[in-house]
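Please read the points below alongside the coordinates; they are set out as a colleague's note, with the cut-offs given where each term comes up.

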Amino acid sequence: MATTAKTFESMKTVDEADVGISCFISQLPGFRGILKQRYADFIVNEVDIDGNVVHLTSLDLPPEMDVKEEDKTKSSDNVPQNYTSAIDSFRSISSVTDAERLETLINQVTSGTGDEISPVVLDPSSDKSKRTAIHNFVKENFKFLVTDTVDGPDSTSKCIRVRVNSGAHNNRGNRSKKRKERGDKPFDSRGSEHWPEHVGKFLRFHLYKENKDTQEALGLIGKMLGVQPKSFGFSGTKDKRSVSTQRVTVFKQQASKLAALNKRLFGIKVGDYCHVKEGLLLGQLMGNRFTITLRGVVADSEETIKKSAESLGKDGFINYFGLQRFGSGSVPTHHVGAALLKGEWKDALFLQRHVVNDAREYYKETGDIDGTLRQLPRYLVAERAILQCLKKCPGNYLQALKGIPRTLRMMYVHSYQSYLWNNAASLRVTKYGTSQVVLGDLVSTKVDAEKRMVDSLTSEHNESNVEALDCDQVDDTAVVDLPAERSDLVKVVSIEDLEAGTYLTSDIVLPLPGSRVIYPSNDIAEIYHDLAKKDGISLTESIHGVKEFSITSMTGGYRRVFQKPIDFEWELLTYTDSNKPLAATDLDRITMNKPVDKVGSAEEIEVETMKCDTNPHESCETNLKDQKDSKEDEKDTGNPDSEQTQIALKMALTLPSSCYATMAIRELLKTSTSVAYHKTLN
């Protein structure tokens, strides 16, 4: 592994073989096809935890929200006009005089005169339990009032003072940083303080984005709304070079404010609003529905394509962690992970990817951290965090590493686990094939297996050709702890199991190393320890005391070796213009039903082209050509082949959140899925 800057500079982009991706299920010949020639060729729709495919269906506000929600929520915080019943109840725990004083105070508040309202002091009492009952009653029934205790006329008694809640009266509430203005509410800067109790505190909406990662899109929306990033919740990040739709929640925001952003957002749309009680968390999804178009398909025959597609649907693919898992820079993320596991903090820092060579060279020559930070783009989250920590603690490389957001720094260690898993999967396929369960295999148990299986770690998301350590490389699902009592999730296949035919190849799993996993009892287990030992790493002992960067402190998990696509569909299309879409996005469907402002992407949205979605071969070619001939202002693409008829393979498939669609494509094409390779085909 490279541990010096010199070696680091000489390394090239990671290839599939470098991360253990080497086998296929079928022995069928592959064929040529271009992946993501246009980002609209890769459409991702989230599948929620209940199995519903998430689509953007409307940009309009629902009827119940199609009012000035700010006025509606503010009015809900106003003092109700009738407190007769509450005051009557108050008389049962206090005196008639106190009830009259309280009623007078409430009438002053509800009159809305705006004059300064003086507090009232209730009759003295030496009964502490009675005073406590009054405090609680006012707190529960009169939210706009607060109480405190003052000295009475003698040493044995106290008086309760009742006054207007200054926080509520000044319309600052829990957004005030001053405790006396917040009353008993905790400080909360995430959203509006005016919120009716009967409305869920989270606004859920569908986020549609083109060629943008999730964090980038939410960062723009948050900036426009004036809310912090932590206000948003989502189940997983989606591929950057794609058109994707997913659910997002934001804390205490009005849908009208969000809908108003549609005219200002570039490459982003929001819609399908509703209020919910809970915000979304990472991992709260079943998977993703992919619509993928492979362009420029060239094969020996149409039969070759047909057989390959049918094989993918029937037998599936090897469930490798895709190249996205290991980054797109000159140093794979699992190399950084190995350095962390060995406690080589300085090496781990030098192995960080540096996109901006000028900034890197400037830092090496001058050591000027402030100057380097000015040259680094904002999206280089890890690099900026490292420099800022080194500025505070010069020479403290471990502390600098901890300055990286935790989800990002843990990605390095997780990618090393993925590297070991990929190599183990390849060895399993090489030695024992893909058609049978063998003695010593590890399998998921049959009891409620789908719900209890820990598929863990990551899903199909972003294969960005930018070398930056973007937030879009964060796992779709959080790492799933594997409690000790859940050892029944998996078992080692015995002779009795083989004779009974209890398990299928679809049940075979392999572990992601950790303290609570078991390994196969055959020779596949050896590759984990052999590869780790070669890298100077022990899977059973930690050589440093930093638990965060120790496999022995991680619980581990399991991942299926073979995965079949769900609801797999495919068709062959023909086209003449490479710049025209061959699959309809959610926004296209809305456009067909109702004119809307375009999303503002660089790629044109042509409604008529959508007719090609279901018309194979000649019919699609005719539609596309007729449209091209009839459009007077058609731009010349400069593509000499634009008039030639080409073939595209369009597929739709659903995969669990832990699976990579690129690995399914690899099984079809029998070629690399790297960005660099597909650029050469382009």
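1. Buried is used here for a relative accessible area under 20%, exposed for over 50%, and partly exposed for what lies in between, with a 1.4 Å probe and protein chains only. Helices (H or I, at least four residues) and strands (E, at least two) are DSSP runs numbered from the N terminus.

2. The model is a predicted one, in which local features need pLDDT of at least 70 and side-chain atom pairs count only at pLDDT 80 or more, whereas totals for chains, interfaces and linings use all residues. Residues are numbered from 1 along each chain as its sequence is written, and side-chain values use heavy atoms, with hydrogens and water left out.

3. For the protein chain as a whole, the secondary structure comes to 24 helices and 18 strands, and buried residues make up 53% of its 682 residues. Of the contacts (heavy atoms within 4.5 Å) with a separation of 6 or more, 79% are between residues 24 or more positions apart. The protein chain exposes about 31,100 Å², of which carbon and sulfur atoms supply 49%; accessible areas come from the Shrake-Rupley method with a 1.4 Å probe, and for residues only the protein chains shown count as cover.

4. Strand β2 covers residues 42-47, and six of its six residues are buried. Two strands are said to pair if DSSP finds at least two bridges between them. On that basis β2 runs antiparallel to strand β10 (residues 287-298), to which six bridges join it, and V47 stands opposite G287 in β10. With strand β8 (residues 243-251), β2 pairs in the parallel sense over three bridges, and here N45 stands opposite T245.

5. Which residues form a nonpolar patch on the surface? They are L439, I495 and L498, with about 260 Å² of accessible area together. A patch is made of residues with over 30% relative accessible area and no salt bridge, like charges being joined within 9 Å and nonpolar side chains (Val, Leu, Ile, Met, Phe, Trp, Tyr) within 5 Å; a salt bridge is a side-chain nitrogen of Lys or Arg within 4 Å of a carboxyl oxygen of Asp or Glu. L439 lies in the loop between α17 (406-432) and β12 (442-444) and is partly exposed, with a relative accessible area of 46%.

6. The structure holds zero disulfides, a disulfide being a pair of cysteine sulfur atoms within 2.5 Å. C23 is buried, at a relative accessible area of 11%, and C659 is buried as well, at 1%.
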